[in-house]
Amino acid sequence: MRILPALWARGNPKEPVPFQEILPLKLRPFVSGKGDKTSNVCCLYEMSLVFGCLKENEFKESACGREIKSFQECFTNYNKQKYITKEREAKGILTPGEKRLPYRQLNKLLRMYPNEK
Amino acid sequence: MFTRPLLLSSKLELTRCFKFPQNGMSQYPSYYIKPIYSNDKQTDLIKSGEAQKLAHVPTRAALNDQTSSIYHDDLICLLVNYLMKDGNKLLARDLVEKTMEKIKRVQLEKYHKLANEEEKEKVVLNPRAIIHQAITNVKPILQLTPIKRGGVTYQVPVPITDRRSQFLSMKWLIEAGNEKERTVRFYDQFAYELIDAANNTGRAVKKKQDLHKQCEMNRAYAHYRWS
């Protein structure tokens with residue numbers, strides 16, 4: 001199902017253009033995993049708070065205990081969440097009612113309900 | 001005649017199913033649990049009744065630095081391991097022990113020079129406590145990673161895990177101890193550096209603050225972080 005080579009093979013048509021079904025008129029039964037890479041930028045707001053506090057207090061950490069703690073907690077929570085979702089995806093557990101599905105789950109669903117022939 | 005291809009296909013199936021074991025090169029199978037050698041943890045397990053369950057679970061042998069001695073300290077064991085070169089643990093342990101002796105001597109000297117009783121109480125005489133304090137004081141909260149964007153490599157500030165920051169802290173302390181005159185012993189210099197770091201001064205703490213300053217300077221690149 002290579003789209004471009006199929007279109008090249010068609011040549012230069014003359015009016016009126018007769019309809020030809022070059023590719024089957026249906027969607028593919030799978031999605032590629034390319035679009036699933038989420039950015040790992042996290043805790044930017046907390047980091048900016050830490051920077052602001054450190055600059056105010058001449059880089060003395062004792063003055064910014066609260067900000068630093070919240071920043072570190074944010075990062076550990078993020079890592080934990082990432083680990084959990086990764087494990088779930090590896091197991092292939094489907095969560096009902098989830099809005100953003102990872103590609104593996106999408107493929108699984110598509111395989112469960114294939115195109116009608 | 002018909003059996004051969006069948007056999008071959010089953011063999012193929014087997015090779016496809018084979019997974020490298022999770023425990024890598026370990027001589028123990030993956031169901032062997034790690035030993036619980038600390039005295040406190042053992043008493044806790046006995047109190048909670050977990051010990052009964054663990055009694056018949058296959059357990060790995062304890063490593064040679066894992067003891068239930070009251071002098072055992074996980075962090076200091078780690079420090080010994082980070083200090084070790086070419087697997088010469090005997091030397092590394094000796095250096096750390098001599099460092100602790102030096103710290104004790106320096107702190108005792110401070111203690112006896114003070115006349116005031118209140119000030120005397122403030123001097124920390126436990127070298128282990130000083131090492132722990134020094135390591136927590138030198139721990140960075142951020143680090144810089146080079147990230148390439150449009151042909152230019154940016155130094156991007158990123159958060160670090162607790163374990164990584166602990167490693168960097170010990171590494172910087174050891175590096176600070178190594179920066180010395182040829183005639184000065186490593187353990188003496190290391191002891192001074194540890195005492196300085198415990199008081200939030202010294203070269204290792206300076207290094208941490210420099211890193212933080214550089215991270216602050218590069219804060220505009222923080223959103224470049226990706227993958």
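Colleague: In what order do the elements of chain A run from the N terminus on?

Modeller: In this predicted model, the elements of chain A follow the order α-α-α-α from the N terminus. The secondary structure of chain A therefore amounts to four helices and zero strands.

Colleague: How much of chain A is buried?

Modeller: Of the 117 residues in chain A, 17% are buried.

Colleague: Which residues of chain A does UniProt list for a domain?

Modeller: An unreviewed UniProt entry lists residues 43–75 of chain A as "domain: CHCH". Over residues 43–75, the chain is 73% helix and 0% strand. The end C-alpha atoms of this span are 7 Å apart.

Colleague: Is A:Cys43 buried or exposed?

Modeller: The general idea is that a residue counts as buried when its relative accessible area is under 20%. A:Cys43 has 7% relative accessibility, so A:Cys43 counts as buried. This residue lies in the loop between α1 (3–8) and α2 (44–56) of chain A.

Colleague: What is phi of A:Glu58, and where does A:Glu58 lie?

Modeller: A:Glu58 has a phi near 55 degrees, which is again a positive value in a residue other than glycine. A:Glu58 is placed in the loop between α2 and α3 (65–91) of chain A. Exposed means over 50% relative accessible area. At 63% relative accessibility, A:Glu58 therefore counts as exposed.

Colleague: Let us turn to chain B. What does UniProt list for residues 57–219 of chain B?

Modeller: UniProt, in an unreviewed entry, gives "domain: Small ribosomal subunit protein uS7" for residues 57–219 of chain B. This span is 60% helix and 10% strand, and its end C-alpha atoms lie 51 Å apart.

Colleague: How are two packed helices described?

Modeller: Two values are used: the angle between the axes of the helices and the distance between those axes. In chain B, helix α4 (residues 74–83) and helix α8 (residues 162–178) pack at an angle of about 60 degrees, and their axes are 10 Å apart. The two helices, α4(B) and α8(B), are therefore oblique to each other. Their crossing is right-handed.

Colleague: Which residues make the contact of α4(B) with α8(B)?

Modeller: From α4(B) come B:Leu75, B:Leu78, B:Leu79, B:Tyr82 and B:Leu83. From α8(B) come B:Arg163, B:Gln166, B:Phe167, B:Met170 and B:Ile174. The residues of this contact divide into eight nonpolar, one polar and one charged.

Colleague: Where does B:Glu216 lie, and what does B:Glu216 touch?

Modeller: B:Glu216 belongs to helix α10 of chain B. At 8% relative accessibility, B:Glu216 counts as buried. Not counting residues up to four places away in sequence, B:Glu216 touches A:Phe51, A:Lys55 and A:Phe59.

Colleague: Where is B:Tyr221 found?

Modeller: B:Tyr221 is in the segment after α10 (203–217) of chain B. Because its relative accessibility is 30%, B:Tyr221 counts as partly exposed. Leaving aside neighbours within four places in sequence, B:Tyr221 is in contact with B:Tyr154, B:Gln155 and B:Val156.

Colleague: How many residues apart in sequence are B:Tyr221 and B:Ala55?

Modeller: B:Tyr221 and B:Ala55 are 166 residues apart in sequence. In space, they are 53 Å apart, C-alpha to C-alpha.

Notes
Residues numbered from 1 in each chain as written. Chains lettered and ligands numbered in written order. Predicted model: local features only at pLDDT ≥ 70, side-chain atom pairs only at ≥ 80, totals over all residues. Heavy atoms only, no water. UniProt positions renumbered as here; feature names shortened; annotations may be inferred. Axes fitted to C-alpha atoms, helices over the stretch in contact; angles between N-to-C directions. Parallel < 35°, antiparallel > 145°, perpendicular 65-115°, else oblique. Left-handed = near helix turned anticlockwise from the far one by under 90°. Contact = heavy atoms within 4.5 Å. Nonpolar A, V, L, I, M, F, W, Y, C, P; charged D, E, K, R; others polar. Buried < 20%, exposed > 50% of the residue type's maximum accessible area, 1.4 Å probe, protein only.
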